[in-house]
Amino acid sequence: MIRSPSVGEHKFDDEVLEVLRRPRGRPATPEARARLLDDEAEIRDLIMRYAHLQDLGQFEDILGLCTEDVERVLAGTLDQTARGKDDLRSKLAEPVAVAGERAILEPADVRSRHLITDEVVRVADDGAHAVAVAQFAVVLTPGQGEFRHGQHEGTYLFAFRKDDGVWRFSRQVIDSNTARNPLMTVRPLP
């Protein structure tokens, strides 16, 4: 396959392909099939709740959707990794490095709307672990002033773990071109 990715993009193709190539479970009993359908629905609901909470800026609620040892990796045009809820909490409020550059993405006064599609969910046979991939677009509009909009796209790669009967994010890879969104400000580092 011929590829020509930009700096920092497409780091997780192999992991995405592994999820896409994994066959969907085929439980033998009606009860097990019902459990699989319930698990898949709960995971899709978790993904959509994450998107709405992100748009509303409800970061503590987002952290409530995660395991204590959650890992979040921002990739593509961004470069940041957080490990554990406390680390993620601190990084949700700080500027993010732009991949391949001595620059950061500065916080902007914008409202976001996540549009998530094409999710593929795979629940492990143990019923306690799962993975998913999805495509997304995020539309941004200024919080105040003249109406404008900008958009960026990407791929989510998620891992989940069931804790006390509740599905939670244990890993989030967000591979996006956020730094190319015209409403975001990239500031070179000195």
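Ala, Val, Leu, Ile, Met, Phe, Trp, Tyr, Cys and Pro count as nonpolar, Asp, Glu, Lys and Arg as charged, and the others, Gly among them, as polar. With that in hand, let us walk through the structure. This is a predicted model, in which local features need pLDDT of at least 70 and side-chain atom pairs count only at pLDDT 80 or more, while totals for chains, interfaces and linings use all residues. Residues are numbered from 1 along each chain as its sequence is written, and side-chain values use heavy atoms, with hydrogens and water left out.

Start with the largest pocket. A pocket is an open set of points on a 1 Å grid over the protein atoms alone, where a 1.4 Å probe fits, with protein on both sides within 12 Å along at least five of seven lines. The largest pocket holds about 870 Å³ of space, a volume being the space filled by probe spheres set on the points. Its lining (residues with an atom within 4 Å of a point) has 37 residues, and Gln54, Phe59, Leu92, Thr178 and Met184 lie nearest the centre. By class, the lining has 22 nonpolar, 9 polar and 6 charged residues.

Next, find strand β5, residues 110-123, which contains Arg122. Strands are DSSP runs of E, at least two residues long, numbered from the N terminus. What does the side chain of Arg122 have at 2.7 Å from one of its polar atoms? It is the backbone oxygen of Arg22.

Strand β5 also holds Asp118. Most residues other than glycine have a negative phi. Asp118, however, has a positive phi near 55°, and Asp118 counts as exposed (over 50%) because its relative accessibility is 57%. Asp164 has a positive phi as well, near 50°. Asp164 sits in the loop between β7 (150-163) and β8 (166-176), and counts as exposed because its relative accessibility is 85%.

Is Asp175 buried or exposed? Asp175 counts as buried, because its relative accessibility is 13%. The side chain of Asp175 reaches the backbone nitrogen of Gly76 at 3.2 Å.

Terms used
Helix = DSSP H or I, 4+ residues; strand = E, 2+ residues; numbered from the N terminus. Polar contact = N/O pair within 3.5 Å; in protein donor to acceptor, adjacent residues only side chain to side chain. Buried < 20%, exposed > 50% of the residue type's maximum accessible area, 1.4 Å probe, protein only.
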